[in-house]
Amino acid sequence: MRLAGEYGMPPEWTLGRVFTEWQWEPVVAVLAALALAGYLLGVARLRRAGEPWAGGRTFAFVSGVALWVFTTCSGIGVYERVLFTDRAVQAVVLLMVVPLLLAMGAPVTALVEGFAGRHRDRVLAALRGRVSKVLMFPLVSTVLLVVPPWLLYFTDWYRLSLTTDFYNVLFHVAFVAFGLAYFWPRLQIDPVGRHYHPMIGVVITVTEVIFDAALGFILVFGSHLLVPDYWAALARPWGMSAQQDQSWGGAVLWGLGDIAGLPFMVALIVRVIREERVRTVQVDRELDAQEAAEAEAAEARTAVETGPAEASEEQDRPWWETDPRFAGRYGK
């Protein structure tokens, strides 16, 4: 078992050290560099082709990549195996904030521009295919967002993430992948296999808030300390006790998770309003078209019943003779 003391315990945590202490996370750094390069290349090709591309999308994606690197390589990453609360902050940011920013950048649309010809068409077909439809299914989306924190803390994953590099890197990458698999189909900025009403995303977000609250409640008020042997062997000489640290970490998962979900909830509500407005306009147009068709049909029936001559005569008569209000005064 590899314990924290073996890789060198960092000094006492301070807010300043979050920005001054750094570590190298090669897997995240390489993945982030490749994603950023592919994204910027796709955006450049889109713009050369004359396709419109909002600068806000690029800003959101670049911010998501930068936050991913910061969360794993800055002081937050340095203290991830030393403080339970630090790992809780990472879990919320990697699962909910980083993927949301990445999805807001429409990465699929940008990245597929890196493929040419048939390869590009195949990628788009795959994105609209069975995998996309499975990910779009509401139950799958709920699981992808709600289950990962419970898997982390109530399986061996948490212990392994503290004691082995592989499972620690898996945590850094998998939580972003889980979150992106949720936000991509829910935002529906990129190509998706099936369209669902955004109100479904609102319901899922409410469900996620409930499960976050339940997990936070267990960690805050529960007396069972997770991996007590690890914390005993760590023997951290500064800061709060392991039990207090776990309680604060549960509060972070509870409160910060709810706060992180607010921007997405607002975006979904705005989208619901916009879709309802579009639907209202479509319904109005359909009703107008239906009324126009009925009016034309009624005129056609009148022309057939009265005959061409009488219809022409009716059209040539002054309006006050054909108006029902004056029919008794001027009519035949």
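Colleague: In which helix do phenylalanine 217 and phenylalanine 221 both lie?
Modeller: These phenylalanines are four residues apart, about one turn of the helix. Helices are DSSP runs (H or I, at least four residues), as are strands (E, at least two), and they are numbered from the N terminus. Both residues lie in helix H12.

Colleague: What kind of model is this?
Modeller: Residues are numbered from 1 along each chain as its sequence is written, and side-chain values use heavy atoms, with hydrogens and water left out. Local features need pLDDT of at least 70, side-chain atom pairs count only at pLDDT 80 or more, and totals for chains, interfaces and linings use all residues; this is a predicted model.

Colleague: Are phenylalanine 217 and phenylalanine 221 stacked or tilted as a pair?
Modeller: Their ring centres are 4.9 Å apart. Because the planes stand at 45°, the pair counts as tilted.

Colleague: Which residue joins Phe19 and Trp22 in a cluster?
Modeller: The cluster is linked by ring pairs. Alongside Phe19 and Trp22, its member is Phe70.

Colleague: Is phenylalanine 221 buried or exposed?
Modeller: Buried means under 20% relative accessible area, exposed over 50%, and partly exposed in between (1.4 Å probe, protein chains only). Phenylalanine 217, at 46%, is partly exposed. Phenylalanine 221 has 57% relative accessibility and therefore counts as exposed.

Colleague: Which residue forms a salt bridge with arginine 81?
Modeller: Side chains of opposite charge can pair when their charged atoms come close. A salt bridge is a side-chain nitrogen of Lys or Arg within 4 Å of a carboxyl oxygen of Asp or Glu, and the structure holds four. For arginine 81, the N to O distance is 2.8 Å and the partner is aspartate 165.

Colleague: How many residues separate arginine 81 and aspartate 165 in the chain?
Modeller: Arginine 81 is in the loop between helix H4 (75–78) and H5, whereas aspartate 165 is in helix H11 (residues 165–187), so this pair links distant parts of the chain. Arginine 81 is buried at 7% relative accessibility, and aspartate 165 is partly exposed at 39%. Their separation is 84 residues.

Colleague: Which residue has arginine 236 lying over its face?
Modeller: Arginine 236 has a salt bridge to aspartate 245 (3.8 Å, N to O), and both residues are buried. A charge sits over a ring if NZ of Lys or CZ of Arg is within 6 Å of the ring centre and within 35 degrees of the ring normal. Arginine 236 lies 5.2 Å from the ring centre of tryptophan 238.

Colleague: What is the volume of the largest pocket?
Modeller: On a 1 Å grid over the protein atoms alone, a cavity is a set of points where a 1.4 Å probe fits but cannot get out; a pocket is an open set with protein on both sides within 12 Å along at least five of seven lines, and lining residues have an atom within 4 Å of a point. Grid points are joined across faces, edges and corners, and a volume is the space filled by probe spheres set on the points. The largest pocket has a volume of about 420 Å³.

Colleague: How many nonpolar residues does the lining of the largest pocket have?
Modeller: H11 supplies the largest share of this lining, six residues. Ala, Val, Leu, Ile, Met, Phe, Trp, Tyr, Cys and Pro count as nonpolar, Asp, Glu, Lys and Arg as charged, and the others, Gly among them, as polar. The lining has one charged residue, no polar residues, and a nonpolar count of 15.

Colleague: Which helix gives the most to the lining of the largest cavity?
Modeller: The structure holds one cavity of 30 Å³ or more, and about 90 Å³ of space lies in the largest cavity. Its lining has eight nonpolar, one polar and two charged residues. With four residues, the most comes from H5.

Colleague: In which loop is alanine 106, which has a positive phi although it is not a glycine?
Modeller: Its phi is about 50°. Alanine 106 is buried, at 0% relative accessible area. The loop is the one between H5 and H6.

Definitions and conventions. Phe/Tyr/Trp six-rings, centres within 6.5 Å; stacked < 30°, edge-to-face > 60°.
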